[in-house]
Amino acid sequence: MRIQSPSLSELHAFAQAARLGSYTLAAEQLSVTQGAISRAIARLEEHLGFALFERQGRRSVLSTAGRQYLDAIGPAIFTIESATAAMRRRRSGRQLRLSVPPTLFSHWLIPRLPDFTARHPGTVLSFAPYRRDDPLTDPQTDAWVRIGADPWPDQLAADYLVGQDLVPICRPQDVEGTQAIRRPEDLMARPLLAHTNYPDNWARWFSKMGCEDLCPAPVADFEQVTLLVQAVIAGMGVAVVQRCLIEEDLASGRIVVPVQRAFRIERGYFLCRPAQRPTSAELQDFRHWVLEQAALDRAAQPLGTTAELP
């Protein structure tokens, strides 16, 4: 197939001249002569069949067609440059690029990361933006933490970390006085708050606790665990959440677990990586460390060891 795209040198000349509004400044930026920029853009215009710039005094201003072309190719040029820079950094140093859901990142991973950097001071951590629909194939990313359940696709190697333990939460004052929450049935009398993506968590938890009555419908739902917890603290009701996401709130006493009997679901956070891709030393170090942290987390919060129900 005949290649239709122009050369990268022509595209870079055009993009820099468009950004700076000057062939001279573009030449300085790319360390070439002004004549080289002019010739590259002329070749590009001949290739495309339309003018990319219009002269306004001493400035070169994009034409309408030039603006449309820049909007189309700009992201691709940025992607190529970013990928190249990332690969050069990987060759020159011990870098590990990860993608982690924001909620787990802020509530569980970040408080533990100082321990990793202390153990592996030569590894530079880099974090890719989180995308819910990410196919987990980006060659610039070494590993992803994602919520899911076994079995994972054959092309992925996945290690379970945390997140399968659901617990109910309420305010500290809700476990005091004559109306205190002590048993699962007591929660049914309170307004139930839910996570938007998992509205069945309450029904499943009550069923696991042996409650035969129909589960009341939640009175409100929230897309983020942080907002769900804030609603509980504000007194809107009670919620059931993954225990790994509420460590700080529990430690501070802002919320409590009224019934110390968790329910283990199949969903959880997994460390995922392409099964056929060679595992770097940096990823091996991180995998060993994060699995250790997850094991310590589970050992510190075993199911059903406190206030076990009869």
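**Figure 1. Contacts across the chain of a predicted model.** Among the contacts in this protein with a separation of 6 or more, 75% join residues 24 or more positions apart. Keep in mind that the model is predicted. Its secondary structure comes to 11 helices and 12 strands. Of the 310 residues, 42% count as buried.

**Figure 2. The overall dimensions of the protein.** Picture a box of roughly 85 × 40 × 40 Å along the principal axes: that is what the C-alpha atoms fill. The radius of gyration is 27 Å, while a compact globule of 310 residues would have one near 19 Å. The accessible surface comes to about 17,000 Å², and carbon and sulfur atoms account for 52% of that surface.

**Figure 3. Charged side chains and their pairs.** There are 34 positive and 34 negative side chains here, and the centres of the two sets lie 6 Å apart. Side chains of opposite charge can pair when their charged atoms come close. How many salt bridges does the structure hold? The structure holds 16 salt bridges, and the next views visit some of them.

**Figure 4. A salt bridge between Asp297 and Arg112.** The side chains of Asp297 and Arg112 meet with an N to O distance of 3.2 Å. Asp297 belongs to helix 11 (residues 281–300), whereas Arg112 sits in the loop between helix 5 (102–109) and helix 6 (113–119), so this pair ties together parts that are 185 residues apart in sequence. Are the two partners buried or exposed? Asp297 counts as buried because its relative accessibility is 13%, under the 20% cut-off. Arg112 is buried too, with a relative accessible area of 15%.

**Figure 5. A salt bridge between Arg254 and Asp249.** Look here for the closest N and O atoms of Arg254 and Asp249, which are 2.8 Å apart. Asp249 is buried, with a relative accessible area of 8%. Arg254, in turn, has 35% relative accessibility, so Arg254 counts as partly exposed.

**Figure 6. A network of salt bridges around Arg131 and Asp133.** Which residues are linked in this network? Salt bridges link Arg131, Asp133, Asp134 and Arg146. Within the group, the side chains of Asp133 and Arg131 meet at 3.6 Å, N to O. Asp133 counts as exposed because its relative accessibility is 61%, which is over the 50% cut-off.

Terms used: Residues are numbered from 1 along each chain as its sequence is written. This is a predicted model: local features need pLDDT of at least 70, side-chain atom pairs count only at pLDDT 80 or more; totals for chains, interfaces and linings use all residues. Side-chain values use heavy atoms; hydrogens and water are left out. Helices (H or I, at least four residues) and strands (E, at least two) are DSSP runs, numbered from the N terminus. The radius of gyration is taken over C-alpha atoms; the globule rule is 2.2 Å times the number of residues to the power 0.38. Buried means under 20% relative accessible area, exposed over 50%, partly exposed in between (1.4 Å probe, protein chains only). Contact means heavy atoms within 4.5 Å. Accessible areas come from the Shrake-Rupley method with a 1.4 Å probe; for residues, only the protein chains shown count as cover. Lys and Arg count as positive and Asp and Glu as negative; His and the chain ends are not counted. The place of a charge is taken as NZ of Lys, CZ of Arg, CG of Asp or CD of Glu. A salt bridge is a side-chain nitrogen of Lys or Arg within 4 Å of a carboxyl oxygen of Asp or Glu.
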